[in-house]
Amino acid sequence: MSRYLDRSADIGEFIPQPDDDLIICRCEEITKGEIRKAVHLGMWTMTEVKRLIRPGMGLCQGQTCSKHVKGVIAKELHISPAELDDLTARPPMRPVEMGVFGNEVESHE
Amino acid sequence: MRIKEHPIIGEIKKGRLVKFTFDGNEMEGYEGEPIAAALKAAGVMVHRHTSKLDRPRGIFCAIGRCTDCVMVVNGKPNTRTCVTALEEGMNVQTQYGVKAKEADEA
Amino acid sequence: MKRYNLAVIGAGPAGLSAAIEAKKHGMEKVAVFDENSRPGGQLFKQIHKFFGSKEHKAKIRGFKIGEDLLAEAEALGVDVHLNSVVAGIYFPMKRLGVIENECLINYSADNIIIATGANENFIPFDGWTLPGVIGAGAAQTMMNLHGVQPGKKILMVGSGNVGLVVSFQLLQAGCEVAAVIDAAPRVGGYGVHASKVARTGVPFYLSHTVVKAEGEDHVTGAVIAQVDSHFKPVPGTEKHIEVDTICMAVGLTPMSKLCSMAGCKMVDKGGAVPETDKYGATSIEGLYAAGDVAGIEEASSAMITGRISALAACRKDCYITDGEFEKEYDELEGSINKLRKGMFSHENKGRTDITKTDEGIDLSMTLLTKGYVSDREIERFPGVVKEKGVHPVIECTQNIPCNPCQDACKFGCISVGEDITSLPYVNKASRCTGCGMCVANCSGQAIFLVNDDFEPGYSTVTIPYEFIPRPSIGDKGTALSRGGEAVCEAEVVDIKVSPVFDHTALLTMKVPKDMSMKARFYKGKEAL
């Protein structure tokens, strides 16, 4: 889906916007402005933004906000959201308590 | 508000009426329905206050995905009330951050 | 480790249909995993009659279809795992890590069908985290599954089929719908769904968005504003609406994470979906995707894609021969293609340049901007005729895949033709006996019976009525127009209920003769 991002592209300065305090990631309470600032710090992928400021790392695991985070990053980079990769899908699909992981059992015929 | 009679579904099948507590106050709901449904029927909108900005949250997706409706249930925080069945005598508390408010703090 | 011939993830319409199909073709060990406590996916929240044709279970309500699928799956011995979260999927080992009863259990399967459906989309706006801002799915869950009103007065954001269907369901649950708004310039869903909401008096605001949810700790109001062609709110157009609930129905995104976790090649189709061939086979051998996870469609289509994937798995493992497969596939493909036609088909999605029906009739622009067909526009559609005595008036003005009206009339008054997306027309109105089967069977509630010879100066109009309390014969109230405006006094002269009408009552009201082509809803003295 994605092409290599041209990291040398000039995306301009961070310019404050009136809706910068709009919550994008509901779980971790990350605002649009925080995501935009992260892009200007050089975080140009979903994964980088997630690792720096945590959108998508809360209880819902990005189920609600991923699309919006992608949209905000893409807009800041002046590219189409389709050019950005989704967050890596890795187990577990849903938040799981550590204790449950400890309870691994064999299924039987 | 509960729907008493529905033009298509007719009467909505429910379990028996049971008592539970919400922040120490006794409430009634139907056994087996989601805790969130019982709270909604009783007019409770706020399920928790967020950790960072202390903002109120309530039901949002109602199918266990968004995790906005989590509360402290029987002492266990982050319980998704929209998919957790109500049981008699349950202790349901508003969640502040990741815990219930201590009695002496309230 | 327990090994299944087929493991299906998701017990919605696609998943259950897949499991049933596999069992029917001889697969012995078939399991369906679902994270919810009850199976059926979203079907049990669908209390409206489905579209399509008989083979697509048209005119049957969604929850009934769910009950039937479930009963069939159980009878065939499908192993349904509920409260089971598939937390991980591992290829090439073909293994699933499932969380059940607080344990992590591993299963293996020769074939895996991912039928996880979709997630709701939301739009962020000022105050969208306030309690009282909910998804349309949440509204459906609360009212149709749990019998609790999601709110008293609701603003619906989104005019696609979900927004329209849920708006109507909110009215049925006794809630008030303050308005339906959409940032798009045209109503996104079926016109018939919009019309049944509009005629009750709900206003539509197209090219409008919600800019703010008001309230301290829950919603006490909403601010909406007109948007420009770039979907940006136009300053100065803000309007305050008093509501306690803002409901979002702004589309769905395939829940395809398990597909990418498995390593499927993904493509972007309004969200990442696995690349599949026409049988639903992904880029990984033995892994299939069916239903909304492979691309958003209606539940009717999901049931068919589920069956196709299961057939493909059966052929791969030699439960059926190539010949048997081809025969069954052709039939299913024919069936799904009927649903995939018309102005709401995939290839026409999001198009705003369609101005005529397939028959070459100009579309109703009032329908697209206000949710109802104007008095002037309605005259040009083939289902709208003026005849002596009682006869059907079919206000179906878009090419949607649906034809129960044709089957409903045993006297052959109504025709749709081979192509189920064609507009229905009235061919032999004189044969109409006024039985009302067409009125009750129309999933879009777009058929009315009109009798201009009821008594001197008065006509009757028979409307489908799905609200309670049901008016009684002799009640006097107000007749509302297609746009929900009071047009005249009306007296209820008949109210018919029958098991064959399936909870759709037929209300016949007496109105002045010149109102028979205007009056389309009855409002009692009290509620709706």
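The model is predicted. Chain B has 1 helix and 9 strands, and 26 of its residues are in contact with 29 residues of chain C. Chain C is divided into domain 1, domain 2 and domain 3.

**Fold of chain B**

- The elements of chain B follow the order β-β-α-β-β-β-β-β-β-β from the N terminus, for a total of 1 helix and 9 strands.
- Chain B has a radius of gyration of 14 Å, which agrees with the value near 13 Å that a compact globule of 106 residues would have.
- Along the principal axes, the C-alpha atoms of chain B fill a box of roughly 45 × 25 × 20 Å.
- Of the 106 residues in chain B, 44% are buried.

**Contacts of chain B with its partners**

- The contact between chain B and chain C involves 26 residues of chain B and 29 residues of chain C.
- On the side of chain B that touches chain C, the elements giving two or more residues are helix H1 (35-41) and strand E4 (56-57) of chain B.
- H1(B) supplies the largest share of that side, 3 residues.
- By class, the residues of the side of chain B that touches chain C are 17 nonpolar, 2 polar and 7 charged.
- Between chain A and chain B, the contact takes 7 residues from chain A and 9 residues from chain B.
- The side of chain A that touches chain B consists of 3 nonpolar, 2 polar and 2 charged residues.

**Domains of chain C**

- The centres of domain 1 and domain 2 of chain C, taken over C-alpha atoms, are separated by 32 Å.
- Contact between these two domains takes 4 residues from domain 1 of chain C and 6 residues from domain 2 of chain C.
- The side of domain 1 of chain C that touches domain 2 of chain C has 2 nonpolar, 1 polar and 1 charged residues.

**Helix H8 of chain C**

- Helix H8 of chain C covers residues 322-339, and its 18 residues reach 26 Å from the first C-alpha to the last, close to the 26 Å expected at 1.5 Å a residue.
- Buried residues in H8(C) are Ile336(C), Lys338(C) and Leu339(C).
- These residues lie on the same side of H8(C), because they cover an arc of only 160° around the axis.
- The exposed residues on the other side of H8(C) are Asp322(C), Gly323(C), Lys327(C), Asp330(C), Gly334(C) and Asn337(C).
- Helix H7 (299-316) of chain C is the element against which the buried residues of H8(C) pack.

**Gly483 of chain C**

- Gly483(C) sits in the loop between strand E25 (476-480) and strand E26 (486-496) of chain C.
- With 23 other C-beta atoms within 10 Å, Gly483(C) counts as buried, because the cut-off for a buried residue is 20 or more.
- Neighbours within four places in sequence aside, Gly483(C) is in contact with Ala198(C), Lys370(C) and Tyr372(C).
- From C-alpha to C-alpha, Gly483(C) and Lys45(C) are 27 Å apart in space, and they are 438 residues apart in sequence.

Definitions and conventions: Residues numbered from 1 in each chain as written. Chains lettered and ligands numbered in written order. Predicted model: local features only at pLDDT ≥ 70, side-chain atom pairs only at ≥ 80, totals over all residues. Helix = DSSP H or I, 4+ residues; strand = E, 2+ residues; numbered from the N terminus. Rg over C-alpha atoms; globule rule 2.2 N^0.38 Å. Buried ≥ 20, exposed ≤ 12 C-beta atoms within 10 Å, placed from the backbone. Expected span 1.5 Å × (residues − 1). Arc of directions from axis to C-beta. Nonpolar A, V, L, I, M, F, W, Y, C, P; charged D, E, K, R; others polar. Domains from an automatic or database assignment.
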